[in-house]
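This note is meant for a colleague meeting the structure for the first time. The points below are numbered so that each can be checked separately.

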Amino acid sequence: MKHSATLSEAHARASGPLPEPTLAYFPNARFVPSDRDPGARAARPVRGGVAVAENSSDFGHVPVLLHRCVELLTPALTRYHPDGSGAVLVDATLGAGGHAERFLTELPGLRLIGLDRDPSALDIARDRLAPFADRVTLVRTRYDGLGAALAESGHAAAESVDGALFDLGVSSMQLDRAERGFAYAQDAPLDMRMDPSSPLTAADIVNNYDEAELADILHRYGEERFARRIAAQIVRQRARAPFTSTAELVALLYQAIPAPARRTGGHPAKRTFQALRIAVNDELTSLGSALPAALDALAGGGRIVVLAYQSLEDRIVKRVFADAVASRTPVDLPFELPGHEPRFRSLTRGAERADAAEVERNPRSAAVRLRALERLGQTVESQQASGKGDS
Ligand SMILES: C[S@@+](CC[C@H](N)C(=O)[O-])C[C@H]1O[C@@H](n2cnc3c(N)ncnc32)[C@H](O)[C@@H]1O
């Protein structure tokens with residue numbers, strides 16, 4: 001397995017002991033923590049510095065819509081050879097490697113390039129994917145660095161891969177590591193960085209951004225109705241003492257959000273935590289440039305699947321995909337102008353959701369919206385005729 005230099009540095013950093021989780025301050029809580037709501041997760045048992053699920057076979061994170069992802073991507077990955085030989089899949093959000101492991105198991109000829117910005121996710125995935133090491137390349141990068149990651153692993157940025165998978169957002173392992181500050185149900189430093197070496201933390205934003213900027217972040221990234229009120233109270237409170245912990249912020253949110261809204265709008269900290277996480281990790285900008293790069297990287301007949309868990313991300317996916325399936329021929333022309341035809345076709349009608357049985361098994365899947373495209377230009381049959389799978 002090939003690793004970028006930064007990955008091994010991160011490996012050394014990634015395995016500190018977890019502090020005992022402390023209970024966050026929840027005055028008047030009328031709320032039942034649920035995995036449907038990422039920030040609500042309570043701490044799980046910890047092994048080897050990594051929080052794990054009760055069923056350790058899922059490495060702390062149960063992959064969502066796994067069967068559907070396989071069903072959608074397999075035709076593109078088996079077009080050269082039924083065992084995936086000759087095909088390359090980019091998993092742009094490797095996480096614990098759950099989706100990746102299934103593809104590598106089912107397609108013993110497939111090559112996989114796995115990206116993640118979080119070095120501890122890469123550590124977990126590296127262990128899990130060790131049996132497939134000769135077919136796997138791991139790269140520590142933001143997914144908008146996909147072009148450079150492809151170059152690093154010997155592939156062109158354009159038309160060089162057969163499948164791409166984006167399973168967006170935070171992983172269960174990130175939520176389970178209390179000290180990373182993603183979960184409002186656990187008291188922890190206000191951090192929320194997916195890449196612990198990036199400079200900006202949630203505490204930096206909360207303690208330094210001016211009131212208007214704070215309100216804008218909460219409104220835009222959290223769709224928080226009470227954004228201005230929360231921002232004003234944050235600014236007042238931090239003048240007395242800066243915020244250092246998630247519990248301090250949760251306590252303020254209980255005061256800032258009026259009681260009736262607290263009872264109806266989900267956990268009062270949910271939208272603020274989502275907003276801060278998106279801002280800290282620059283998630284929407286990163287996605288907005290990663291998706292076009294992934295579409296460019298697909299060869300004709302290649303396929304992409306994206307799983308989004310909140311509406312701001314899904315809106316970006318929808319917009320980029322709508323653009324990709326649109327014809328560029330002027331609408332008043334009665335024929336398709338050569339070179340202006342759509343580059344992709346949609347494989348899904350609207351967004352697909354998890355069914356009730358999966359939501360029951362894995363509450364995290366309740367929010368998922370799956371969209372998928374296929375690149376036009378070379379059909380599966382013509383790829384087979386070109387004989388790439390025979391090599
Ligand atoms: C939902 S998890 C993926 C889980 C994975 N599919 C599995 O089955 O184990 C999302 C992962 O994407 C990573 N991630 C989120 N935003 C990223 C970005 N902009 N660039 C690279 N990785 C990112 C997170 O660090 C996290 O590990």
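1. D282 is partly exposed because 14 other C-beta atoms lie within 10 Å. By the definition used here, a residue is buried if 20 or more other C-beta atoms lie within 10 Å of its own, exposed if 12 or fewer, and partly exposed in between, with C-beta atoms placed from the backbone. D282 lies in the loop between α12 and α13, and has a positive phi of about 50° although it is not a glycine. Most residues other than glycine have a negative phi.

2. The model is a predicted one, in which local features need pLDDT of at least 70, side-chain atom pairs count only at pLDDT 80 or more, and totals for chains, interfaces and linings use all residues. Residues are numbered from 1 along each chain as its sequence is written.

3. The secondary structure of the chain comes to 16 helices and 12 strands. These are DSSP runs numbered from the N terminus, helices being H or I of at least four residues and strands being E of at least two. Of the 391 residues in the chain, 48% are buried. Among contacts between residues at least 6 apart in sequence, 72% join residues at least 24 apart; a contact requires C-beta atoms, placed from the backbone, within 7 Å.

4. L65 also has a positive phi, of about 45°, although it is not a glycine. L65 is found in the loop between β4 (50-51) and α2 (66-77). L65 counts as buried because it has 23 C-beta neighbours inside 10 Å.

5. In α13, E283, L287, A290, L291, A293, A294 and A297 are buried. The buried residues of α13 pack against several elements, among them β5 (88-91), α12 (270-281) and α14 (311-325).

6. How many residues of strand β12 are buried? Seven of the seven residues of β12 (369-375) are buried. R369, R371, L373 and R375 lie on one side, and L370, A372 and E374 on the other. β12 runs antiparallel to β10, to which six bridges join it, and it pairs with β11 (344-346) in the antiparallel sense over three bridges; pairing requires at least two DSSP bridges between two strands. E374 in β12 is the bridge partner of R303 and also of R345.

7. The largest nonpolar core has 67 residues, of which L89, V90, A92, L146, A164 and A294 touch the most other members. β10 gives the most to this core, with seven residues. A second, separate core of 38 residues includes F226, I257, I278 and A279. Such a core is a set of buried Ala, Val, Leu, Ile, Met, Phe, Trp, Tyr and Cys residues joined through C-beta atoms within 7 Å.

8. Around the ligand there are 20 residues, and the closest are P63, T93, G95, A96 and G98. The elements giving two or more residues to this shell are α3 (98-106) and β6 (111-116).

Terms used. A residue is near a molecule or strand if its C-beta atom, placed from the backbone, lies within 6 Å of it. Two residues are in contact if their C-beta atoms, placed from the backbone, lie within 7 Å.
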